[in-house]
Amino acid sequence: MSTENPYAQYHVVKKGDTLSKIAEEYYGDKMLYPKIFEANKDVLQDPNKIKPGQKLRIP
Amino acid sequence: MRIAKTMVALAATALMLVGCASQKEPAEKAVAQVESSLAEFRADAEKYAAEELKGVEASVTKLKNNLASKDYQAVVLGAPSVASEVTALKDAVATKKADAEAILAAAQTEWTDLSAKMPQMVEAIQSRVDILSKSKKLPKDLDKAGFDTVKTEFESLKTEWTEASSQFASGMAADAVRKARGAKARGDAILAKLGMNS
């Protein structure tokens, strides 16, 4: 069981979100979406498939 | 008449000598008792009440000087007062020692918390700084100047945290906690600037 970092930032997926949009919001650059995918491989199998309500860690 | 006066003088001298000799042992005992009492807590007195110890030591020295000068009456009369000074010092040292130990315990408790949080804070900020450094643009609400400030502040935070850890390892718990608090406050400000504190 891993200990959650209390300073980690999270994003709860909303309808219409994509990893690219989320990357643009947090990093200013949509092309950095693989960083978010890599950090959430425990909940995401495909970077193009995210669901509303998923809690994603934003590294 | 002259013989009578001489006899009286001789008798007085003899009485004085006997009196002095009879005070010698009590005077020696009194000095030994005061020194023994002080020795019990001298090490703590040096650590927690060095200035006050100097004052008491001066009084003990005066008593010993009187003993060396064979002024046994002065020793016997002065010893109770010096003994009271020693008792008062002992009480003061005990209080200061207890206060210092309480401060140390509190610092160690706070350090336990900080030493768990700080590495996590550094990790979170480092990750974001590394990613943003690769970004072609920056997120809304963060411009280049602001990001440069973040990077400079982050280096200062890491230096402060390293210094705090070193201080704690050297036994300076209170100093380490003070420095670590400063590092954490810097980290909180960085997180706010990066939009990571919500």
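I began with handedness: a crossing is left-handed if the near helix is turned anticlockwise from the far one by less than a right angle, and right-handed if clockwise. I took helices (H or I, at least four residues) and strands (E, at least two) as DSSP runs, numbered from the N terminus.

I noted that this is a predicted model, in which local features need pLDDT of at least 70, side-chain atom pairs count only at pLDDT 80 or more, and totals for chains, interfaces and linings use all residues. Residues are numbered from 1 along each chain as its sequence is written, while chains are lettered from A and ligands numbered from 1 in the order in which they are written.

**Entry 1: helices 3 and 4 of chain B**

I looked up the crossing of helix 3 of chain B and helix 4 of chain B and found that it is left-handed. Their axes come within 11 Å and cross at roughly 150°. Axes here are lines fitted to C-alpha atoms, for helices over the stretch in contact, and angles run from 0 to 180 degrees between N-to-C directions. Helix 3 of chain B and helix 4 of chain B are therefore roughly antiparallel to each other (under 35 degrees counts as roughly parallel, over 145 as roughly antiparallel, 65 to 115 as roughly perpendicular and the rest as oblique). Residues of the contact include W111(B) and M118(B) of helix 3 of chain B and F147(B) and F154(B) of helix 4 of chain B. Two residues are in contact if their C-beta atoms, placed from the backbone, lie within 7 Å. I sorted this contact by class and got eleven nonpolar, no polar and two charged residues. For the classes, Ala, Val, Leu, Ile, Met, Phe, Trp, Tyr, Cys and Pro count as nonpolar, Asp, Glu, Lys and Arg as charged, and the others, Gly among them, as polar.

**Entry 2: helix 5 of chain B**

How do the axes of helix 4 of chain B and helix 5 of chain B cross? They come within 8 Å and cross at roughly 160°. That makes helix 4 of chain B roughly antiparallel to helix 5 of chain B. This crossing is left-handed, and its contact residues divide into twelve nonpolar, five polar and seven charged.

I then turned to helix 3 of chain B and helix 5 of chain B, whose axes come within 9 Å and cross at roughly 30°. Helix 3 of chain B passes helix 5 of chain B in a left-handed crossing. Among the residues that meet are L114(B) in helix 3 of chain B and A180(B) in helix 5 of chain B. I counted classes here too: 16 nonpolar, two polar and two charged.

**Entry 3: T112(B)**

T112(B) is found in helix 3 of chain B. Is T112(B) buried or exposed? With 10 C-beta neighbours inside 10 Å, T112(B) counts as exposed (buried is 20 or more other C-beta atoms within 10 Å of a residue's own, exposed is 12 or fewer, and partly exposed is in between, with C-beta atoms placed from the backbone). T112(B) and V177(B) are 65 residues apart in sequence, with 9.7 Å from C-alpha to C-alpha.

**Entry 4: where the chains touch**

I found 16 residues of chain B in contact with 13 residues of chain A. Helix 3 of chain B gives the most to the chain B side, with nine residues.
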